[in-house]
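Let's take a walk through this one together, starting with its aromatic rings and ending at a pocket. Keep the viewer open as you read.

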Amino acid sequence: MFRYLLDIKDPGTAATALGTAFHQTIAHNFQRKIETARDLSLAECLEFFRNALGRQLETVRLQKDEHPMELLELGETMVAKYIEEAAPSIQPAAVESRVSGVIGGVKVSGYVDLLDTEGRLIDSKSSTKPIKGIAHDHRLQLTSYAMITPAATGNCRLDTVTKGKTVTLIQKSLCVSEKDRQYAEVIYPMVQDSICEGIFLPRRSSSLCSRRYCGYWAVCEKEYGGSVRE
Ligand code: SF4
């Protein structure tokens with residue numbers, strides 16, 4: 001609602017700045033790989049990442065305990081992890097391609113991170129906290145893309161570079177099932193009805209709902225009251 005209906009620019013956070021720069025770097029590597037059939041060198045990726053992160057950090061307000069150099073160091077480690085361990089075995093067929101279709105009678109569109117030459121959807125992301133499996137929202141997202149991407153087989157993988165005690169690459173595979181498709185077919189019309197009725201429930205119980213992860217936290221408190229956790 002804040003972004004698409006009220007047109008409020010996402011103020012961003014350190015986590016979103018890092019995530020966006022990471023995402024752009026990985027996409028840049030695979031876009032080039034479609035043309036050249038090889039990954040960029042790590043040095044080229046790190047240079048791209050540094051520039052991307054610099055641009056992102058110009059627009060966000062950091063919390064007191066967040067420092068640009070620490071973010072840069074963490075991000076570089078994450079990029080190196082992904083480029084060295086995940087990228088070599090991925091053969092991209094399409095990167096950041098726009099797809100659209102109809103799910104449960106609702107028009108749906110989005111951008112697929114990566115479709116490989118075997119018709120598998122691969123989503124790559126960074127996370128500053130450990131992850132357990134594929135979160136519910138992400139499962140719905142991958143299911144949706146599998147349903148509206150013509151060359152997709154239904155096989156998907158979520159690659160997450162995450163920061164625990166050390167930086168780790170976690171790869172989780174998902175084969176979209178009939179139950180997943182049925183759930184999407186049911187949920188989309190319900191969400192569309194809510195939007196048409198102007199019903200936008202804040203999701204304060206979401207693991208991403210905090211001042212650290214949601215740039216809209218201040219406007220959300222103003223709109224709905226309550227307190228968004230630190
Ligand atoms: S602060 Fe929480 S409920 Fe509000 S917009 Fe962000 S994630 Fe949603």
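Does tyrosine 82 count as buried or exposed? This is a predicted model, and in it tyrosine 82 comes out as buried, because its relative accessibility is 0%; the cut-off for buried is under 20%. Now look at phenylalanine 22, which is buried too, with a relative accessible area of 1%. The rings of phenylalanine 22 and tyrosine 82 sit with their centres 6.0 Å apart and their planes at 85 degrees, so they make an edge-to-face pair. That pair links distant parts of the chain, with phenylalanine 22 in helix α1 and tyrosine 82 in helix α3, 60 residues apart.

Across the whole structure there are 3 aromatic pairs. Another edge-to-face case is phenylalanine 2 with tyrosine 224, so called because their ring planes are at 65 degrees, with the centres 6.5 Å apart. Phenylalanine 2 lies in the segment before α1 and tyrosine 224 in helix α6, so this pair ties together parts that are 222 residues apart in sequence. Phenylalanine 2 is buried at 11% relative accessible area, whereas tyrosine 224 is partly exposed at 34%.

Leucine 201 sits in the loop between α5 and α6 and is exposed, with a relative accessible area of 70%.

Last stop: the second largest pocket, with about 330 Å³ of space. Among its 14 lining residues, Glu66, Leu71, Leu74, Thr128 and Lys163 are the closest to its centre. Helix α3 gives the largest share of the lining, 5 residues. By class, the lining has 5 nonpolar, 3 polar and 6 charged residues.

How values were computed: Residues numbered from 1 in each chain as written. Predicted model: local features only at pLDDT ≥ 70, side-chain atom pairs only at ≥ 80, totals over all residues. Heavy atoms only, no water. 1 Å grid on protein atoms, 1.4 Å probe; cavity = no way out; pocket = protein on both sides within 12 Å on 5 of 7 lines; lining within 4 Å. Points joined across faces, edges and corners; volume = space filled by probe spheres on them. Helix = DSSP H or I, 4+ residues; strand = E, 2+ residues; numbered from the N terminus. Nonpolar A, V, L, I, M, F, W, Y, C, P; charged D, E, K, R; others polar. Buried < 20%, exposed > 50% of the residue type's maximum accessible area, 1.4 Å probe, protein only. Phe/Tyr/Trp six-rings, centres within 6.5 Å; stacked < 30°, edge-to-face > 60°.
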